[in-house]
Amino acid sequence: MNIKNIRLALSSLVFSAFISMSAFAAWQQNDQGYWWQNPDGSYPANSWQWIDGNNDGISECYYFNADGYMAADTVTEDGNTVNADGAWVENGIVVTKSTENYTVNKSEATASGNENTQSSSFKLGDLNVYMINEFTNAKVTSNLPGSYIIKSEDGNCSVGIMMVDTSVSESLHELVMQMEDLGVDFNTPEIKETFINSIDTSFVKLYGNEDSRDDSEFKTGTWRHLHYNEKQFYISNKPVPTDVYFYFHNMKSYTVIISGCEDASQFMNNNISWQ
């Protein structure tokens, strides 16, 4: 396998890895309405589902029709009422239930499930994440290994951080070994650019074309930056501007998605550093 073929295969494998890491459960919308996308890409239909859409530890119940779209401001087929936001209500009051939480070991950035909590800092791979400024009392949620969602106390600002460790990835192991046998240096700008371009391409395929892009310089280095206006990303069913950043460091790819925050660059400059 020559270097060119290795890079092509590497791009394909990183693309697959990123899709598996980035498939968070989330609200989606088109001109026909809202639906809830599960982490595996499936969606509920002809059924009720409890959803904690804003990660506040409280779930509301929503009904989805045969096509998977959320019912809103109506009486469902089984005779229950949902409000304009789609939540099930009884006597005008939204019915809720607490979301079950599990343990998150932030010192090693590993998770066995889902937890909302407060912390001064945690680690993800080689990245330190500091809970300061507007995130001092933020809630941290981990749904998948190698990924975290941080929500500001007021719920208006959300940050998703994802990491893919190519050095331990089972699907990448043989390919990485071949590259090492050929003397490929993973720290060269060209190889790093291959990883960044792979993540960039996969993200755009998943979420659509960005409104603008550049390479942004921060204390942690130069990150690929995509900016989306209020169309692809939502907080509490409302579209919000979103900034997405990609970086490759020590055989690990990092993606930071910042939605609804007044100044995304402030988080990138002040809330993260390398170990």
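H249 counts as buried in this predicted model, because its relative accessibility of 18% falls under the 20% cut-off. The residue belongs to strand 21, which covers residues 242-249. Leaving aside residues up to four places away in sequence, H249 touches D126, Y254 and W274.

Strand 12 spans residues 121-124 and strand 13 spans residues 127-130; the two run antiparallel and are joined by four bridges. Within this pairing, S121 stands opposite Y130. Two residues separate the strands of the hairpin, and G125 adopts a positive phi near 65° there. Strand 13 also pairs with strand 23 (residues 272-274), again in an antiparallel arrangement, this time through three bridges. Here N128 has S273 of strand 23 as its bridge partner.

Of its 275 residues, 49% count as buried. Contacts across the sequence can be summarised too: among those between residues at least 6 apart in sequence, 49% join residues at least 24 apart. The chain exposes about 13,500 Å², and carbon and sulfur atoms supply 46% of this area.

Turning to the cysteines, a search of the whole structure finds one disulfide. The bond is formed by C157 and C261, whose sulfur atoms are 1.6 Å apart. The torsion about the S-S bond of C157 and C261 is about 70°, and the disulfide is therefore right-handed. C157 sits in the loop between strand 15 (147-151) and strand 16 (158-165), while C261 sits in the loop between strand 22 (252-259) and helix 4 (264-270), so the pair ties together parts that are 104 residues apart in sequence. Both C157 and C261 are buried. A further cysteine, C61, is likewise buried, with a relative accessible area of 5%.

W27 and W36 make up one of them, with an edge-to-face geometry: their ring centres are 5.3 Å apart and the angle between the planes is 75°. W27 counts as buried at 9% relative accessibility, and W36 is buried as well, with a relative accessible area of 8%. A second example is the pair of F203 and Y228, which is tilted, with 6.2 Å from centre to centre and 55° between the planes. F203 lies in helix 3 (residues 189-207) and Y228 in strand 18 (residues 221-228), so this pair ties together parts that are 25 residues apart in sequence. F203 and Y228 are both buried.

Ring pairs link W27 and W36 with Y34, Y62 and F64 into a cluster.

Technical notes: Residues are numbered from 1 along each chain as its sequence is written. This is a predicted model: local features need pLDDT of at least 70, side-chain atom pairs count only at pLDDT 80 or more; totals for chains, interfaces and linings use all residues. Side-chain values use heavy atoms; hydrogens and water are left out. Two strands pair if DSSP finds at least two bridges between them. A disulfide is a pair of cysteine sulfur atoms within 2.5 Å. Buried means under 20% relative accessible area, exposed over 50%, partly exposed in between (1.4 Å probe, protein chains only). Contact means heavy atoms within 4.5 Å. Accessible areas come from the Shrake-Rupley method with a 1.4 Å probe; for residues, only the protein chains shown count as cover. Rings of Phe, Tyr and Trp (its six-membered ring) pair if their centres lie within 6.5 Å; planes under 30 degrees apart count as stacked, over 60 as edge-to-face and the rest as tilted.
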